[in-house]
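Dear colleague,

Please find below the structure that I am handing over to you. A short account of the findings follows it.

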Amino acid sequence: MLRKILAAATFAGLVAVAGPSLAGSTQAPLKEVHWSFDGPFGKYDQAQLQRGFKVYKEVCSACHSLNEIAFRNLGDPGGPFWNPKYKNSNDNPVVKAIAKDYQIADIDSDSGDAIKRPGTSADYFPSPFANTAAARSANGGAVPPDMSLLAAAREGGPDYIYSVVTGDGTDAPAGLTIPDGKYYDPWMPGDVSAYYKGDPAKTPVGGFIAMPPPLIADRVTYDDGTKATVEQEGKDVAAFLAWASDPKMEERKSLGLSVMIFLFVLTGILYGSYRKIWSNAGH
Amino acid sequence: MSDHPSTYQPNTAIERWLDTRLPIIRFGADLMSFPTPRNLNYWYTFGGILAFCLGVQIVTGIVLAMHYDPSGAGAFLSVQRGIMRDVNYGWLIRGLHANGASMFFLAVYIHILRGLYYGSYKAPREVLWLLGCVIYVLMMATAFMGYVLPWGQMSFWGAKVITSLFGAFPFIGKPLTALLWGGFSVDEPTLNRFFSLHYLLPFAIAAVVALHIWALHVPGNANPTGVEVKSKSDTLPFHPYYTVKDLFAISVFMILFAVFVFYMPEALGKVDNQSMADPLKTPAHIVPEWYLLPFYAILRAIPDKLIGVLALAGALGMLFILPWLDTSKVRSMRYRPQYRMFFFIWIVACAALGWCGAQEPDGQVIHGLTTFNLIDYDLNSVTWLSRISSIYYFAYFLVITPLLGLTETPLPVPDSLYTPVLSHPAGVPSGAAAAPETKG
Amino acid sequence: MVRGLYRARISFKVADSLAHSAPVADGSADPSRRDFIHIAAAAATLGGVAAVAWPLIDELNPAADTLALASLEYDVSKVALGQQVTISWRKQPVFIRHRTPAEIAKAKADDHVTADMKDPEPDANRVKAGHEEWLIVLASCTHLGCVPVFAQGDYGGWLCPCHGSQYDTSARIRKGPAPKNLEVPEYAFLSDTKVKIG
């Protein structure tokens, strides 16, 4: 009898009582890209990194810093402009030419005045804003995140970056009011329920992003003749940022292979030794 | 076994000279020839694996400290720019150190579960067990402080949450947190003192490990049967039998370790920690490292701050008092089928707590299913699953363990560990061949 | 066996030395005077150790430069109605929220449901008279210090992302493990738009 009552109560509970649900952050399933650097043997596609760097330089760098990357890193092994002829990436002429285009703040050693000078390969990418407060005020209260580790700092990595930059500015579904200075992006984790007038069960996934849609077709002209579609630009810049956050990936994977082979051999030998010694452990 | 006679014979004049002044070679030789039960299985190799882990952490840690800058502005850069990009093999050494912490905890959990299963905590090995518990607590403190050092978002907020636990105590809470922080919040002074202590504590761990091994060598090893060693023929010298077995196990363990270091170095970390600490913004979903998740879930299960903190401490405290909670005369769970069943449920409860600790605080266990509310929360919520699991966690120690030892009927325990060993190839232990119980 | 013998020899030696050498070394036949000097020596030593320990403990407390962090002035007119800013004061985050009339009304209406509150406090005590639209609180959840997020949870106020504590539009704790309302720092309005915190 008691069991029946309990079962009935449980059933009634299931049907009738909705527990308080907290509006949580939602996000559309990420667009999955097949990257050249996926898997234990994957490597970066150098042509793609060069294209991605061009997108970063001509589009993203207006607002996003790349604090942890020095110009010389572009010429490191596995990097966009790695050239085996220049073992020391500081000597790489492409790297030097890129660095020279940037103006770096410095102090004049004679007069002590604050000056700007052309960059060298040892310099780091300068920030587009003097400080965080300046970045915030220039971007309507949202600070554009530093891009050095962006691919590592977001769940989904390059897939996330590709999804967000190509989904930015998606037309708002009916009933959704987009606040001033923001854009709707189904791939940006967020909660738009407060801005949605409609069936709460059908609240659109995703969130608002303060970044205007960054990519349009032919926004950059690729040196290798690749057609600059939005998808292409998005993939290339995501690949470049994946490299920026994990520049030692190729070195890591190749050393890893040697280490794994060694460890399997060592384990085999130790097992043989173990069996040999224990075969003497008779009674 | 404690009266293991020294078999060391100094052969050269120098050795004889040294032996009468500092018998250190004798000490090492006696350690190596220590009589060890011949039926120890692979679960017993984790002691050696743990020694390996501690060594890896100390060596890689000392090297990392040479490149690390414990300042609010410099910590994140010195790790992410300096060590990960510029220092030769810095990415490898940090990968070993960061993943090594997880490997260390994986090994220590298996080591603890092995001790629980085979009853290694029982007389006369209580002090050995207590020292192990002390090492575990020191490990958690060390790992927590080490996690703060990269000064990412998770570092900062993890430090804030854990240090704020001490604020739960009435009256002394506030001054105590100020003392821990050296400020009004987690800040540069906190980072500096954590760095200092993170460097110190591993050596404290090493010292307690020495005591742990000393305490092991007084009564000698326990073994899977739980029966004490009766004669010399029950044992083998530690070297070469167990040195080679431990080395083989370490090598297998290193394969797993290497998979993480080389192919998924960030898999056990949190993406939020790749952003620099921001004292004004908490990450949307803050969780501790996996090895602390069950305790975190116990903390969250309780809607009162002070009781939550006490429960968290109590969960650890259970391990410390376990030797005096277990009333059974039988050591190994091999001969305690009922207790073994409760033990496996306990492992499931710990795993459930670990899962709960990683979920959103108000999330559902089965998505989309709504049941009914009980004390403010849906019964189908993470909160309730962690409450039920927490209750089982404590009941296992405080109710099941003492009562079952008095009421259960254990299986027959073999006369000696030699008996089952005889009927099997060397080194393959088995409970199946247990001799009839001879307890009078 | 060997070790047992060795132990026995040691304990014999110790007992021997205690029995014979102590009175000789002391040179005094008066046992109370002899005890006093030992007690005094132990007390002096312990006192010395305690005196050394205190600076070692107190150095952990906030240093003078940390304590010196000055008060902060903020122009609240920058915060639009229904918006909030998070500013840093003494390295702690502080919310300055420009409350809408609806939020104020909700906070005042809830003054009466004290049974529901862990830390009952009327809304009027948490804002400055005449400036009810400004709610200024430390943005540290009183549970374990996370920064709560606005416009989430069941009470129209803040939700802590760490352990799910929920605060209402007066930043009072309503649900979850936090024991206290979000703390109101010491502050004063210098003018209608300028506020001084600390």
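How many residues does the contact take from chain B and how many from chain C? The model, which is a predicted one, has 31 residues of chain B and 28 residues of chain C in this contact. On the side of chain B that touches chain C, two or more residues are given by each of helix 7 (153-164), helix 8 (173-181), helix 9 (188-217) and helix 12 (305-325) of chain B. Helix 7 of chain B gives the most, with four residues. Sorted by class, this side of chain B has 14 nonpolar, ten charged and seven polar residues.

Chain A also touches chain B: 37 residues of chain A are in contact with 36 residues of chain B. At least two residues of the chain A side come from each of helix 1 (2-16), helix 5 (150-153) and helix 8 (249-278) of chain A. The largest share, 15 residues, is that of helix 8 of chain A. The chain A side divides into 20 nonpolar, eleven polar and six charged residues.

Setting aside neighbours within four places in sequence, Trp151(B) is in contact with Ala75(B), Phe76(B), Phe156(B), Leu191(B), Met276(B) and Ala277(B).

A colleague

How values were computed
Residues numbered from 1 in each chain as written. Chains lettered and ligands numbered in written order. Predicted model: local features only at pLDDT ≥ 70, side-chain atom pairs only at ≥ 80, totals over all residues. Contact = placed C-beta atoms within 7 Å. Nonpolar A, V, L, I, M, F, W, Y, C, P; charged D, E, K, R; others polar.
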